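Reader: I am new to this structure and would like to learn how to read its features. Could you please take me through them in turn?

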Protein chains: 2
Amino acid sequence: MQLMKKARESASFDSFELTGLMHGGRREDVVTQRRAAFERVEKVVGTRDISKLPRCYANLSREDQYEEGLRWGKAAFEDGIKYQHDFFASTTPRYALANSNPFGMNAIMVEPTIEFMASDDEQKAKWLPLTKSGKIVGAYVQTELGHGTFVRGIETSATWDATSDEFIIHSPTISSTKFWPGALGFSCTHIVLVARLLLGSVDHGPHFFIVQVRSLEEGKPIPGIKLGDIGMKMSYNGTCNGFASFDKVRIPRTNMLMGHAKVHRNGNYERTGRPELAYSTLLLVRGIIVRGMVPNVATIMNTDYPLAVGFQLAQSVTIATRYSTVREQGLGPNSLGRTEVAIMSYASQHFRILTLIAKSYAIVFASKAWDRDYEKLREEQDTGDHASLPYFHALTAGLKAWSTQTAADGAEDARKCCGGQGYLMISGLPEIVASVTATATFEGENYVLWQQVGRYLFKCLDHLKQDKPIDSRLAYLATAYQESLDSTIGEFDATASASCSAFGSDFLQRGAQLSIYRHRTTRLTLSVYEKLRSSTKTPIEAWNEHMMSIISAARAHTEYIAVIFFTERVKDLPASTSSALRAVLTRLCSLFALSNIINPQSIDAISFVEDGYFSLAQLDTIRSLVDDLLEQLLPDAVALTDAWDFTDASLCSALGMYDGNVYENLMRWINQLPINKRAWEESEGVYQPGWKKWVEPLLQAKL
Amino acid sequence: MQLMKKARESASFDSFELTGLMHGGRREDVVTQRRAAFERVEKVVGTRDISKLPRCYANLSREDQYEEGLRWGKAAFEDGIKYQHDFFASTTPRYALANSNPFGMNAIMVEPTIEFMASDDEQKAKWLPLTKSGKIVGAYVQTELGHGTFVRGIETSATWDATSDEFIIHSPTISSTKFWPGALGFSCTHIVLVARLLLGSVDHGPHFFIVQVRSLEEGKPIPGIKLGDIGMKMSYNGTCNGFASFDKVRIPRTNMLMGHAKVHRNGNYERTGRPELAYSTLLLVRGIIVRGMVPNVATIMNTDYPLAVGFQLAQSVTIATRYSTVREQGLGPNSLGRTEVAIMSYASQHFRILTLIAKSYAIVFASKAWDRDYEKLREEQDTGDHASLPYFHALTAGLKAWSTQTAADGAEDARKCCGGQGYLMISGLPEIVASVTATATFEGENYVLWQQVGRYLFKCLDHLKQDKPIDSRLAYLATAYQESLDSTIGEFDATASASCSAFGSDFLQRGAQLSIYRHRTTRLTLSVYEKLRSSTKTPIEAWNEHMMSIISAARAHTEYIAVIFFTERVKDLPASTSSALRAVLTRLCSLFALSNIINPQSIDAISFVEDGYFSLAQLDTIRSLVDDLLEQLLPDAVALTDAWDFTDASLCSALGMYDGNVYENLMRWINQLPINKRAWEESEGVYQPGWKKWVEPLLQAKL
């Protein structure tokens, strides 16, 4: 604990100032309100007293884990209504995404869908008050057993019956079974269903319907609907991700969400509203995921909304930082010292922890910028201007893929930084890692999303080729394209590589960092574009041939955007920000940008250097600048993680508690494990069911 | 299922020939015996009928999971004794490492320790028959709460008491609590304990002792010993990884393992035997881990021993390959097709799956070569020649770090290749991933091991500098060192970079591939060596400053060795090997070597290209050769995974069954989940404990 105290005292800045910046913006009272909400909910669910083994580490069967999710979900939902806040709308009081509890779907999926897809008057007025007050429990039901990312493949049908003026919902095949939706198994009463709209012989493709699936009184499934749980998952076991199949279930015609397409009483189909807006639900969901990784600074800083938070990467790094500060192991580098030292003092640990901290902040600031751009998009759309939608779609897809992969890989690396102890469930890390890694897959598998980013970039280049304008935020691409035209060879030639002009401490300059990232994305994008457009193969074959390069280009573009967002944020800090905090954030930003060049972690890792853009001497310079940054930031590591303001209960980790008293915290919880108490209290230290049935017979067997 | 059938028929070689090569060597009957053992054990534990939901996917509390491990462990142990085989000595019938079941420690840790550390006559004669017959259940107890990798820091003490001629075993602090050993919690009766030997005022450091910890009759802990479980982990929950603390527990002096050091009745301490051999236990354990990743081909091919297998990476890739073959999603690359296609046909999926298959074979062949070298080491040591030990230690450390990281990252990527379905426990993948990822941490944390490899390489260079000989297997380093001396600048200069001389299809040549890997390791090793040796800092600071570069050099060396081992194996296939199989393995080997250059996945990923060794055109050539290899290997993907000969029960995966009937297999198991059966059979589809206690009150709350 002395080590932890010293590490805290060594900080060069006030961690609470950073807490305010992240959670409260200019309003410190939000930080206080937020803390109060956590305290209330943690008391209700019984985790506030951290000397007690949290229930989630006792024996939890599938049923127990589901009940634990119901308990947390109800406490958080009711606290939000009672105290009028939405601290727990996007994320749970343990910072998991809110779809990990059965009552979280209303706010994050069902209400946004109704907002965007329902007809303005009746439908919203009918359904939204019910979901917001918890009079009905919703689920968003799209994915099928056989159909995930490819929404157009959905098979569940909604056939209009002219006689009764109803839709008949039906699951024609086993692969059409709805599969995966959160809360679907046993918790929800109503669902927003995605099903093919069939009018006579015409298939109008996927549309949205509201379907009641259980009676409100007894909870029994509506006749014709089979509902159940899909079993244990790596995480998210607090909710009943479920399946549903429909055997000709009838719903009123008016239960179709008719904001953008109508079916009239006479069976006529009419497109109405703004079909472009149909995109927005999915965008919103992806935006929440970006935010789910880290706090949504934007909301808090620009509006009165309390903060919707997630911070799972930051949680795992907080635990790893604290553990690395107090865990002593070995005699220092190459065992050359005389006494054991804290593992944080080993360069590899130091490098991993600090770069992970930098990444968690990078995601924060990207999320903040996304929020800002999303606000702008909505304002433009309100005036009928949808021109930014393609840009925004690509931005969202890219940030989703980038942030989820960065967070998933980073959380796992933070876990590994804790050695064997990080493998214990009571470290809290396995649950965080398992929860984060889901996001790399759901709501748009990352490899699919990268290609959507690539498609957008190539469309921009098509426009440039045709002298059409492109989104102003892609100006860098236009410039690069023009330069390639101006060059002697006429078309972009990947082999005619440029050299990086930065030297020495230049690399710490914003401009130099941005130009490195810009060089990479333009090189990769223009090069693969030329290959695609000049290919003699069919478009489908050409795309497949260059898919890995397309993904590289998309990632390079997105990482460039992430560096822009981080550097902008650091440049535009509130005037009141202390110089100490400015200095720390500036270092973090450089560490993020530069360490990604020398130690990239992705399938296309060589893309910064493969064209000889850097000399080996330049790379060595970058390495030594990174070393300097690491050294400067080391005293701030604990403060940078304290600033997230995680309660011990929300971390739920015997390794990562604020006090740093690791070994006692570990043993205190272990002594309370049910299997131990049962053996010690009932049978003098023997776990009888194991001993009698299995060990004793083996010892006595005559083989 | 049609898709699976077609994929199987498309193979260019006979998968059973490869099965024979891996499991039976030249003896086909071993394959048959092995299959029979799996069938027997799977019937005993009740998993052979794959239409039934495996018990491990029903509601498993901590206690249930432990019982499941006892069940499997007993069945496997007894089958081995009854039918005289050791198919399940290193790995379980589900291919987890054998320390994941409570009866597995005898064979993999306790017996080897006794073999190597006990005095020749009495001690071995006393203990080995007991462990081999299961008359006692052992555990290997080294790690403490505060002391992992750094064995010298161990605090548990064994103080000799002259009067009674006993050792007094004691845990002086909370951090000295023994923590983590498999089977320690509630299953073992005896342990091999690592404790500091204290004779009078002299601390002789860690030694081995045998301590009985429970009575054989009732299983009660010996007075003074506190034993318990450390709770749920990410995996390995079939065993009771435990903790133990000792309150002045007395054992006879003769329970110290005295093969290499003796304590006489008069309290005299004497070093005996071969202290160098003290290394060997740890080496052996690490060797088993390398083998645990993939089948131990060596044992089967060179001896009569049946195969000890693990194959966890191969298991995950088998599941992913089968699922990718039958899962149809989307309209093909860039959605340009007309009908849905299997996801294997997307280039990114195709790339990931095939390179993972190549990696799993690379680990096999490395494991085989390790076994061969280990045999040689033991033979040399039997004649008193220990000169190879440092080489072998570095080889083992490097292969352990490389194979575990490759397998852990690869298994997780294979899991992600299965999208959302891979997140379900019944996919089998989460358990495999969680189990594999442990190996990157235990028995030598990888970052620590890399540095041990580096230390060895630098010692070799020290020797060369002093004109002393080095191990002949490091001849490449001697050559490179000599060249650096011969060069005009006298010392190795990292900026004076060479260029790769290969062009076009040269890159498919063994020689070209090896020279690329050799160039990288010599460049990195010599460069960081010069920096270390010329540093003006203290040795400890210099090491820490260059730690990341040291790790890069160590990895580069180990990957070079892995490529050597793979290419050698392909070159030296048995004469009877068909030309079809030769062709496939040659392609796999090239795919492994080349894809690692263009798509490396490690923290030092830029090390192949950072020095400008390749032109961009050369890299593009490698890319297109990789594309060609992928295309050639695509029809063989299913056959390459079938060849592992996994039973459906051992995969335990609803996604990865041999028949490819994924959706029906998934729903069949899901319909048998206890939570569903309970709701459907007892309450018309309502899960009452959830509904009554949590959902209904929320619906009815007045907030």
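Author: Let us begin with the nonpolar core, a set of buried Ala, Val, Leu, Ile, Met, Phe, Trp, Tyr and Cys residues joined through side-chain atoms within 4.5 Å. Here buried means under 20% relative accessible area, exposed over 50%, and partly exposed in between (1.4 Å probe, protein chains only). The largest nonpolar core has 458 residues, and those touching the most other members are A:Y361, A:F614, B:Y361 and B:F614. This is a predicted model, in which local features need pLDDT of at least 70 and side-chain atom pairs count only at pLDDT 80 or more, while totals for chains, interfaces and linings use all residues. Residues are numbered from 1 along each chain as its sequence is written, chains are lettered from A and ligands numbered from 1 in the order in which they are written, and side-chain values use heavy atoms, with hydrogens and water left out.

Reader: Which residues is B:Y361 in contact with, leaving aside its neighbours within four places in sequence?

Author: Contact means heavy atoms within 4.5 Å. By that rule B:Y361 meets B:L18, B:M22, B:F566, B:L588, B:L640, B:A643 and B:W644, its neighbours within four places in sequence being left aside.

Reader: How many residues of chain A are in contact with chain B, and what area do the two chains bury between them?

Author: The size of an interface is often given as the accessible area lost when the parts come together. Buried area is that loss (1.4 Å probe), summed over both parts. Chain A and chain B bury about 12,800 Å² between them, with 64% of it on carbon and sulfur atoms. In terms of contact, 153 residues of chain A meet 151 residues of chain B. Of the area that chain A buries against chain B, 7% is supplied by A:Y423, A:W694 and A:L698, more than by any other three residues.

Reader: Are the partners A:R48 and A:E42 of a salt bridge buried or partly exposed?

Author: A:R48 and A:E42 have their closest N and O atoms 2.6 Å apart. A:R48 is partly exposed, at 34% relative accessible area, whereas A:E42 is buried, at 1%. In the salt bridge of A:R196 with A:D203 (2.8 Å, N to O), A:R196 counts as buried at 17% relative accessibility, and A:D203 is partly exposed at 40%.

Reader: Where does the domain assignment place the domains of chain A?

Author: Domain bounds come from an automatic or database domain assignment. For chain A it gives domain 1 (36-103 + 282-438), domain 2 (136-278), domain 3 (446-642) and domain 4 (673-703). The C-alpha centres of domain 2 and domain 3 of chain A lie 42 Å apart.

Terms used: A salt bridge is a side-chain nitrogen of Lys or Arg within 4 Å of a carboxyl oxygen of Asp or Glu.
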